[in-house]
Amino acid sequence: HLVPSGNTVKWSVEARVPVWKFGLQGELMHVSEDLLSYYDSVNVPNAMTGKWSGSSFARSAPKAGGHLDGYGGYLEAFAWILGDVNFIETPGLEPMPHIKRFAPAKEPVWGLRVLARYEQVSFNVSGLPGLLDPVSGATTGDAAVGLYKLHTFGLGLDGWGTKPVRLSVNYFLNYIDGDSPLVKKNYFYRRAEHDLLFRAGINL
């Protein structure tokens, strides 16, 4: 197990450029933090007596020295087929409500937007103390040490039947990469994984 302990540094930068029916937005994030590592083990019954020697579960004392350093981010381009960039509010901003005079309801407004998106998460784990073999006394490298990467490509179609009703269809292609012995055991390591998602949202 790896848990944060010690110094942690995080920062992020975000930008959004909407122009009429088109837009580009993205974000870059970074994290650097010290880690503690500890290991769980399960004892097995004695081969001769069938009894447990001590507790069936053991946890090692935490060891310092590990470190994680990584980046993540996305870049997204979108275009409006129906409506424009003013159809929905700016993400992350919530305008203050105002009391207005009564007015007749407006005609329903329809919106349709297409999106293309690329995301990446990449981090490196280093400095873990490794595992001590109780029989030979040799220390083996920790399988968690190394580089981890996840690439995601996505396409989306968002439709609004007036602002309170939203229907979405998204396609994602995920690709796992890296050089860590642990990440290489993942079934989808260097294999393309495909997802197709359907969502419906109604604001009451």
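Modeller: What follows goes through strand pairing, salt bridges, aromatic pairs and a few backbone angles. Keep in mind that this is a predicted model.

Biologist: Which way do S9 and S10 pair, parallel or antiparallel?

Modeller: Antiparallel, over 13 bridges, with S9 covering residues 146-161 and S10 covering residues 165-178. As one example of the pairing, Tyr148 has Gly178 in S10 as its bridge partner.

Biologist: How many residues sit between the strands in that hairpin?

Modeller: The hairpin of S9 and S10 has 3 residues between the strands, and Thr162 takes a positive phi near 70° there.

Biologist: And what about S10 and S11, how many bridges?

Modeller: S10 pairs with S11 (residues 192-202) over 11 bridges, in the antiparallel sense. Val165 has Ile202 in S11 as its bridge partner.

Biologist: Staying in S10, is Asp177 buried or exposed?

Modeller: Asp177, which is in strand S10, is buried because its relative accessible area is 18%, and the cut-off for buried is under 20%.

Biologist: What does the side chain of Asp177 make a polar contact with?

Modeller: With the side chain of Arg190, at 2.8 Å. Setting aside neighbours within four places in sequence, the residues in contact with Asp177 include Leu147, Tyr148, Lys149 and Tyr189.

Biologist: Where is Arg190 found?

Modeller: In the loop between S10 and S11. Arg190 is not a glycine, yet it has a positive phi of about 55°. Most residues other than glycine have a negative phi.

Biologist: Is Arg190 itself buried, exposed or partly exposed?

Modeller: Arg190 is partly exposed, with a relative accessible area of 48%.

Biologist: New topic. How many salt bridges does a search of the whole structure find?

Modeller: The search finds 5 salt bridges. One of the pairs is Arg113 with Asp158, at 2.9 Å from N to O. Arg113 lies in strand S6 (residues 110-126) and Asp158 in strand S9, so this pair ties together parts that are 45 residues apart in sequence.

Biologist: Are Arg113 and Asp158 buried or exposed?

Modeller: Arg113 counts as buried because its relative accessibility is 9%. Asp158 also counts as buried, at 2% relative accessibility.

Biologist: Which other arginine meets Asp158 in a salt bridge?

Modeller: Arg166, with the side chains meeting at 3.1 Å, N to O. Arg166 is partly exposed, at a relative accessible area of 31%.

Biologist: Which ring does the charged end of Arg117 sit over?

Modeller: The ring of Tyr74, 3.9 Å from its centre. Arg113 has a ring too: it lies over the face of Phe78, at 5.7 Å from the ring centre.

Biologist: On to aromatics, then. How many aromatic pairs turn up in the whole structure?

Modeller: A search of the whole structure finds 6 aromatic pairs. In one of them, the rings of Trp11 and Tyr71 have centres 6.2 Å apart and planes at 70°, so the pair is edge-to-face. Planes over 60 degrees apart count as edge-to-face.

Biologist: Where in the chain are Trp11 and Tyr71?

Modeller: Trp11 is in strand S1 (residues 2-19) and Tyr71 is in strand S5 (residues 63-82), so the pair links distant parts of the chain, 60 residues apart. Trp11 is partly exposed, with a relative accessible area of 37%, and Tyr71 is partly exposed at 41%.

Biologist: Why is the pair of Trp20 and Phe22 edge-to-face?

Modeller: Because the planes of the Trp20 and Phe22 rings are at 65°, with the centres 6.2 Å apart.

Biologist: Where does Trp20 lie?

Modeller: In the loop between S1 and strand S2 (22-37). Trp20 has a positive phi, near 55°, and is a residue other than glycine.

Biologist: Last one: are Trp20 and Phe22 exposed or partly exposed?

Modeller: Trp20 is exposed, with a relative accessible area of 56%, whereas Phe22 counts as partly exposed at 48% relative accessibility.

Notes: Residues numbered from 1 in each chain as written. Predicted model: local features only at pLDDT ≥ 70, side-chain atom pairs only at ≥ 80, totals over all residues. Heavy atoms only, no water. Pairing = 2+ DSSP bridges. Helix = DSSP H or I, 4+ residues; strand = E, 2+ residues; numbered from the N terminus. Buried < 20%, exposed > 50% of the residue type's maximum accessible area, 1.4 Å probe, protein only. Polar contact = N/O pair within 3.5 Å; in protein donor to acceptor, adjacent residues only side chain to side chain. Contact = heavy atoms within 4.5 Å. Salt bridge = Lys/Arg side-chain N within 4 Å of Asp/Glu carboxyl O. Phe/Tyr/Trp six-rings, centres within 6.5 Å; stacked < 30°, edge-to-face > 60°. Lys NZ or Arg CZ within 6 Å of the ring centre and 35° of its normal.
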